[in-house]
Amino acid sequence: MSDEITFQIEQLNFYYGNTQALCDVNMTVLPREITALIGPSGCGKSTFLRCLNRMNDTITDTRISGSIVLNGQNIYAPNIDETELRRQVGLVFQRPNPFPQSIFDNVAFGPRVLGIATGNDLHELVVQSLRAAALWDEIKEDLKQPALSLSLGQQQRLCIARVLAVTPDVILMDEPCSALDPIATNQIEELIQELKEHYTIVIVTHNMQQAARVSDKTGFFWLGELIEFDETTTIFTRPSLQRTEDYVTGRFG
Amino acid sequence: MIRLSRHHTERIVFAVIGLASVATAVPIIIIVSSIFFSGAEAVSWQFLLEMPRDGMRSGGIWPAIIGTIYLVVGTGLISIPLGVASAIYLSEYAADSYWTRMIRLAIVNLAGIPSVVYGLFGLGLFVLFLDLGSSIVAACLTLSIMTIPVIISTAEEALRAVPQSFRVVSVGMGATRWQTIRRVVLPQALPGILTGVILGLNRAAGETAPILFTGAAFFLPKLPNSIFDQTMALPYHLFVISTQVPEMPITIQYGTATVLLAFVLIMNILAASVRSWQRRKREW
């Protein structure tokens, strides 16, 4: 049973100091599905995303309760190595943020630091990751060129390749297209569809069309609660709550 | 009351601030050029590489040059690891607590202490209490205490200038905090850290007061044999031959000043070129 579920989240509460950011969130994320998280700014969807690979640990004065079980293991259990967890559950950020180094060095960063590959294996892994991130054909002539000379859309795909290079199972994306133009956004969306073959994806987005286009499941967050979670088609055609309908049809938010 | 148009006001303001900047540059140019002009004829290979003779009234300044190099290297060996390590701790690990704020305050205040106070402190702690005697090691330790605050504050600034997103990316991929610091943060901050190190050591090279009681010798007939010997040093030597030795040829004084100034100038140019290299490299 448990190997059919990637994330089982139960009664998750999260606090910044005395402010409660997440309230009794329950969610099940299935393998090789795309789960979109939507909701107005400040509703807790990014906070929720960052609980899934314990990135919130780096913020002081936060508190969490409830459980997040990844492939049968509670990731907040005391014996969990959070660095291994973060390798397994990669995170792509809102703004493309490559290191000011070459394309190759950016993708090779993770494998080098974690000791995953060296020499020819490393080169092979970098090439594979760039292919998987649909960037290879555009940059294969010159892997030594500086990452910051790429367009923003290319930089974001480079950041995805950088995450893929440490061989994760799950990829979390925090509004990955919000800094990009429509064409670059479209490329990333196509890429997300391809990645779905091998990875479980959870994506936060402010773009309703994007959620409707790319995801299998959609969760609607409202004031720290996951008030509706269902098949994407259901959420966008006949949601059970009026508030969800108002939001996805653009009546507020 | 005369009312000026705002364009006139603008011209007058620009003229005044322009003059102010010229006025600050003029004395420096006069000092440097007059010293180099009068000292250049004294500087020769013999002057640089010979021992002083005839009560320092002729011969060279080799032991003072070598002594200053010893002091700078020794101070670097002590202050760079300590200063950079503290900066990493303060910038990357330490929480913003009462104690870290006190430490920062102490560092800022240490940088403002007159150098003669460091000298007396070194005399009390290293020379007398720790019984190191007046020696190179005591002088280096004293100079290090003076240099470390400079290194810490510039290095911390350089570390903080590295964008937070780089750290988050690295940690997000499964690197530990130390791996993140070593592989991402330090390489990016290195030019800034180097600038601070050079400026700090530069100050150590030019100071007289901290080494006066802790390791500088009036005159030595030979080079120091170990770190527990006293040493001659350029700034103190300049002080000695300018004020303590009667009938001192003025060319030797100017020559010594020229060498000291050149030493400091070269280190400053080094720091400036590291800074511009850093600016070219930084693209975020």
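Two residues are in contact if their C-beta atoms, placed from the backbone, lie within 7 Å. By this criterion, 15 residues of chain B are in contact with 19 residues of chain A. The structure is a predicted model, in which local features need pLDDT of at least 70 and side-chain atom pairs count only at pLDDT 80 or more, while totals for chains, interfaces and linings use all residues. Residues are numbered from 1 along each chain as its sequence is written, and chains are lettered from A and ligands numbered from 1 in the order in which they are written.

The side of chain B that touches chain A may be considered next. Helices (H or I, at least four residues) and strands (E, at least two) are DSSP runs, numbered from the N terminus. The elements that give two or more residues to this side are α7 and α8 of chain B, and α7(B) gives the most, with five residues. By class, the side comprises eight nonpolar, five polar and two charged residues. Here Ala, Val, Leu, Ile, Met, Phe, Trp, Tyr, Cys and Pro count as nonpolar, Asp, Glu, Lys and Arg as charged, and the others, Gly among them, as polar.

Helix α7 of chain B spans residues 164-172, and B:Val169, B:Ser170, B:Val171 and B:Gly172 in this helix are buried. A residue is buried if 20 or more other C-beta atoms lie within 10 Å of its own, exposed if 12 or fewer, and partly exposed in between, with C-beta atoms placed from the backbone. The cover over the buried residues of α7(B) includes elements of both chains: α2 (82-88) and β6 (89-92) of chain A, together with α8 (177-206) of chain B. After α7(B) comes B:Gly174, whose phi is positive, near 105°.

Elsewhere in chain B, B:Leu260 lies in helix α11, which covers residues 250-281. B:Leu260 counts as buried because it has 23 C-beta neighbours inside 10 Å. Leaving aside residues up to four places away in sequence, B:Leu260 touches B:Gly206, B:Leu234, B:Pro235 and B:Leu238. The C-alpha atoms of B:Leu260 and B:Val137 are separated by 22 Å, and these residues are 123 apart along the chain.

Attention now turns to chain A. Its secondary structure comes to ten helices and ten strands. Its C-alpha atoms fill a box of roughly 55 × 45 × 35 Å, taken along the principal axes. The radius of gyration is taken over C-alpha atoms, and the globule rule is 2.2 Å times the number of residues to the power 0.38. Chain A has a radius of 18 Å, which agrees with the value near 18 Å for a compact globule of 253 residues. Of these 253 residues, 44% count as buried. Among contacts in chain A with a separation of 6 or more, 68% come from residues 24 or more positions apart.

One open sheet of chain A has four strands in the order β2-β1-β4-β5, with antiparallel pairing. Two strands pair if DSSP finds at least two bridges between them. The edge strands, β2 (19-29) and β5 (73-74), each pair on one side only. Strand β1 (residues 7-16) is joined to β4 (residues 62-70) by eight bridges. In β4(A), A:Leu70 is the bridge partner of A:Phe7, and A:Ser65 stands opposite A:Asn13. Two bridges join β4(A) to β5(A), with A:Val69 opposite A:Asn74. The hairpin of β4(A) and β5(A) has two residues between the strands, and A:Asn71 takes a positive phi near 45° there.
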